[in-house]
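Good morning, and thank you for coming. Please look at the sequence and the structure on the screen while I speak.

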Amino acid sequence: QVQLVESGGGLVQPGDSLRLSCAASGFTFSSYYMSWFRQAPGKQRELVAGITSNGRLNYADSVRGRFTISRDNAKNTVYLQMNSLKSEDTAVYYCKAGSPNGNWGQGTQVTVSS
């Protein structure tokens, strides 16, 4: 079955960087659109970034220029490099395989606070 396991979250200060990883299994990873979403307390889950099977990228306006999504098909892993983190980036970050329907990981908490 499809499994998505996120890692790399944590508590950081404003301006710091983090790299999230999502290890995928149970499907043909290289053929799938992969994306990162986030959900802050009291808010709806929102798309952060996505990457197609052939490497086309899309980003939310709020993270463009600070975050970078990438994938390693040999490792069945998608990454989210997050730089210049802000307090408003605090959320649970989820990996998703497929769109619009798809499978979700369990999420990893990112907290940006001084």
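Which residue takes a positive phi in the hairpin of E5 and E6? The residue is Gly 55, with a phi near 95°. Five residues lie between the two strands of that hairpin. Please keep in mind throughout that we are looking at a predicted model.

The protein chain contains eleven strands and zero helices. Along its principal axes, the C-alpha trace spans about 40 × 25 × 25 Å. For 114 residues, a compact globule would have a radius of gyration near 13 Å, and the chain agrees with this because its own value is 13 Å. Of those 114 residues, 41% count as buried. If we take the contacts between residues at least 6 apart in sequence, 51% of them join residues at least 24 apart.

I return to the hairpins. Strand E5, residues 46-51, and strand E6, residues 57-59, run antiparallel and are joined by three bridges. Within this pairing, Ala 49 has Tyr 59 in E6 as its bridge partner. On the other hand, E5 is also joined to E4, again antiparallel, by five bridges. The hairpin of E4 and E5 has six residues between the strands, and here Gly 42 takes a positive phi near 80°.

Is Arg 38 buried or exposed? Its relative accessible area is 6%, under the 20% cut-off, so Arg 38 counts as buried. Another is that of Tyr 93, whose polar contact with Arg 38 is 3.0 Å. Glu 46 also stands opposite Arg 38 in E5.

We now turn to another sheet. Four strands form an open sheet in the order E1-E3-E8-E7, with antiparallel pairing. Its edge strands are E1, residues 3-7, and E7, residues 67-72, each of which pairs on one side only. On average, neighbouring strands of this sheet are turned by 15° against each other, direction ignored. Inside the sheet, E3 (residues 18-25) and E8 (residues 77-82) pair in the antiparallel sense over six bridges. In that pairing, Cys 22 has Val 78 in E8 as its bridge partner.

How many disulfides does a search of the whole structure find? The search finds one. Cys 22 and Cys 95 form this disulfide, with their sulfur atoms 2.2 Å apart. The link joins distant parts of the chain, since Cys 22 lies in E3 and Cys 95 in E9 (residues 91-97), 73 residues apart. With -75° about the S-S bond, the link is left-handed. Both cysteines, Cys 22 and Cys 95, are buried. In general terms, a disulfide is a covalent bond between the sulfur atoms of two cysteines.

Thank you for your attention.

Key: Residues are numbered from 1 along each chain as its sequence is written. This is a predicted model: local features need pLDDT of at least 70, side-chain atom pairs count only at pLDDT 80 or more; totals for chains, interfaces and linings use all residues. Side-chain values use heavy atoms; hydrogens and water are left out. Buried means under 20% relative accessible area, exposed over 50%, partly exposed in between (1.4 Å probe, protein chains only). A polar contact is a pair of N or O atoms within 3.5 Å; within protein, one must be able to donate a hydrogen and the other to accept it, and residues adjacent in sequence count only if both atoms are side-chain atoms. Two strands pair if DSSP finds at least two bridges between them. Axes are lines fitted to C-alpha atoms, for helices over the stretch in contact, and angles run from 0 to 180 degrees between N-to-C directions. A disulfide is a pair of cysteine sulfur atoms within 2.5 Å. The radius of gyration is taken over C-alpha atoms; the globule rule is 2.2 Å times the number of residues to the power 0.38. Contact means heavy atoms within 4.5 Å.
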